[in-house]
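Here is a short report on aromatic rings and helix packing. Look at the sequence and the structure first, then read on.

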Amino acid sequence: MLDALALGKAFACLFFAVLFLQSGLDKVTDRKGNLEWLTGHFSKSPLAKLVPVMLATVTVVELAAGACCAAGAAALFVPALAGAQTLGLGLCCAALCMLFFGQRVAKDYAGAATLATYFVGALLGLVLTGVGRLG
């Protein structure tokens with residue numbers, strides 16, 4: 001049944017599918033450029049030597065979040081995919097926490113503040129996936 005709750009969940013998933021599929025695919029197609037930028041970004045932090053591992057980890061989580069959210073958006077038409085909404089938005093929250101941690105450690109407070117906005121959206125989407133199934 002098409003209603004505001006179903007549309008809200010689907011659009012939250014669609015938004016984060018676009019965000020994380022683009023971001024993850026960029027990290028795959030331009031790994032060298034991303035690695036160079038991140039190496040400089042974290043050069044004066046305790047995470048400097050972990051940049052390649054962090055990049056690989058964030059790339060995998062972003063791609064998984066984006067793929068699950070794409071499936072979750074399709075749940076509007078294929079109800080069997082509804083579980084992908086919760087998984088996808090949960091992975092989005094995890095990815096954003098990883099990115100937020102990195103920005104804070106790198107002392108990029110403006111970047112961290114921007115991520116907080118995305119996190120609120122992901123968290124609200126995640127909460128929407130539980131509405132109607134609680135209690």
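Does Phe20 count as buried or exposed? Phe20 counts as buried, because its relative accessibility is 2%. The cut-off for buried is under 20% relative accessible area. Keep in mind that this model is predicted.

## Aromatic rings

A pair of aromatic rings is described by the distance of the centres and the angle of the planes. Three aromatic pairs are counted here. Take Phe15 and Phe16, one of them. Their ring centres lie 5.0 Å apart and their planes stand at 80°, so this pair is edge-to-face. Planes over 60 degrees apart count that way.

Now take Phe16 and Phe20. Their ring centres are 6.3 Å apart, and their planes are at 20°, so this pair is stacked. Stacked needs planes under 30 degrees apart. Both residues lie in helix 1 (residues 4-29). They are four residues apart, about one turn of the helix.

How exposed are the partners? Phe16 counts as buried, with 3% relative accessibility. Phe15 is partly exposed, and its relative accessible area is 45%. One aromatic cluster is formed by Phe15, Phe16, Phe20 and Tyr118.

## Helix 2 and helix 3

Two packed helices are described by the angle between their axes and the distance between the axes. Helix 2 covers residues 31-41, and helix 3 covers residues 51-74. Their axes come within 10 Å and cross at roughly 125°. Helix 2 and helix 3 are therefore oblique to each other. The crossing of helix 2 past helix 3 is right-handed.

Which residues make the contact? Helix 2 supplies Arg31, Asn34, Leu35, Leu38 and Thr39. Helix 3 supplies Val51, Pro52, Leu55 and Ala56. By class, six residues of this contact are nonpolar, two are polar and one is charged.

## Helix 3 and helix 4

Helix 3 also packs with helix 4 (residues 82-105). Here the axes come within 8 Å and cross at roughly 150°. That angle makes helix 3 roughly antiparallel to helix 4. The cut-off for this class is over 145 degrees. The crossing of helix 3 and helix 4 is left-handed.

The helix 3 side of the contact includes Thr57, Val58, Val61, Glu62, Cys68 and Cys69. On the helix 4 side, the residues include Ala84, Gln85, Leu87, Gly88, Cys92 and Met98. What classes are found in the contact of helix 3 with helix 4? It has 15 nonpolar, four polar and one charged residues.

Methods:
Residues numbered from 1 in each chain as written. Predicted model: local features only at pLDDT ≥ 70, side-chain atom pairs only at ≥ 80, totals over all residues. Heavy atoms only, no water. Phe/Tyr/Trp six-rings, centres within 6.5 Å; stacked < 30°, edge-to-face > 60°. Buried < 20%, exposed > 50% of the residue type's maximum accessible area, 1.4 Å probe, protein only. Helix = DSSP H or I, 4+ residues; strand = E, 2+ residues; numbered from the N terminus. Axes fitted to C-alpha atoms, helices over the stretch in contact; angles between N-to-C directions. Parallel < 35°, antiparallel > 145°, perpendicular 65-115°, else oblique. Left-handed = near helix turned anticlockwise from the far one by under 90°. Contact = heavy atoms within 4.5 Å. Nonpolar A, V, L, I, M, F, W, Y, C, P; charged D, E, K, R; others polar.
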